[in-house]
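I opened my notebook today to look around a protein model and write down what I found. Come along and check each entry against the picture.

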Amino acid sequence: NSIKNIDRHRCVFTGCSDLEMLFALKDFPVYMGCVDSLREDDMKADLSFWISRGSGSVQLNPIMDPSIVYKFSHGSGTVGKSWIEHHVQFSDFISKHEPRNILEIGGGHGVLADLYIKNNPISSWITVEPNPVVRNDKVTYVNTLFDEDFSIDAPIDAIVHSHTFEHFYDIIRITNKFWELLPENGRMIFSVPSLQLHLERLYTNVMNFEHTVY
């Protein structure tokens with residue numbers, strides 16, 4: 001299968017064209033999940049690491065077409081006691097701000113929405129997700145990848161997302177989009193992994209075709 005690469009010409013933080021090649025892992029599997037197919041059928045591409053000399057940020061270049069990377073759901077955030085405890089604590093944290101019209105980015109597994117709706121009054125909960133796994137009748141689903149072209153004609157008190165921010169390709173533009181969608185007193189409430197801690201523990205998922213910026 002042919003893969004559409006997207007060249008990253010500038011640092012995502014500074015906008016400077018100062019990216020320099022560090023090294024590449026040749027023929028790295030693109031999909032970050034388990035599959036039933038044979039290994040020789042895996043879609044692969046070079047995982048190339050570059051550094052912005054100005055910001056010190058390490059960034060993948062090129063990056064993959066997100067429609068390929070996120071073609072299937074791989075159940076992230078659903079397996080294990082730690083994930084359940086995280087979602088319970090995060091739901092409780094959101095409830096402290098008492099939003100009633102929530103726009104959730106990602107969250108196709110539905111755990112956070114289920115927990116929050118079960119314990120808090122809402123007017124609406126909208127989940128933007130290309131691969132929703134579990135559906136809640138009280139949730140409105142928008143089956144697409146969230147990007148800077150996204151628009152919605154609905155009131156929003158808060159934008160929430162869990163372990164999603166590190167997946168965006170253009171951090172600055174996507175943050176501006178959040179600002180554009182929120183009302184003056186709106187909130188963005190989110191949870192992100194400690195990639196620094198992951199790196200110190202030598203976890204291999206710090207950077208991959210889903211996590212393209214460090």
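**Entry 1: the overall build**

I began with the secondary structure and counted 5 helices and 10 strands in the protein chain. I kept in mind that this is a predicted model.

Next I looked up the dimensions. Along its principal axes, the C-alpha trace spans about 50 × 40 × 35 Å.

I then asked how much of the chain is tucked away. Buried residues account for 42% of the 214 residues. The chain exposes about 12,300 Å², and carbon and sulfur atoms supply 51% of that area.

I also looked at contacts between residues at least 6 apart in sequence, and 63% of them join residues at least 24 apart.

For charges, I noted 18 positive and 28 negative side chains. The centres of these two sets lie 3 Å apart.

**Entry 2: aromatic rings**

How many aromatic pairs does the count come to? I wrote down 9 aromatic pairs. One of them is F23 with F49, a stacked pair with 4.8 Å centre to centre and 25 degrees between the planes.

Are the two partners buried or exposed? F23 is partly exposed, because its relative accessibility is 44%. F49 is buried, with a relative accessible area of 10%.

I turned to F168 and F178 for a second pair. Their ring centres are 5.9 Å apart and their planes stand at 70 degrees, so this pair is edge-to-face. F168 is in the loop between β9 (158–162) and α4 (171–181), while F178 is in helix α4, and the two are 10 residues apart. Both F168 and F178 are buried.

**Entry 3: a cluster to find**

Last, I traced which residues group around that second pair. F168 and F178 belong to one aromatic cluster together with F146, F150, F165 and F190.

Notes:
Residues numbered from 1 in each chain as written. Predicted model: local features only at pLDDT ≥ 70, side-chain atom pairs only at ≥ 80, totals over all residues. Heavy atoms only, no water. Helix = DSSP H or I, 4+ residues; strand = E, 2+ residues; numbered from the N terminus. Buried < 20%, exposed > 50% of the residue type's maximum accessible area, 1.4 Å probe, protein only. Contact = heavy atoms within 4.5 Å. Areas by Shrake-Rupley, 256 points an atom, 1.4 Å probe, with all protein chains shown as cover. Lys, Arg positive; Asp, Glu negative; His and termini not counted. Charge placed at Lys NZ, Arg CZ, Asp CG, Glu CD. Phe/Tyr/Trp six-rings, centres within 6.5 Å; stacked < 30°, edge-to-face > 60°.
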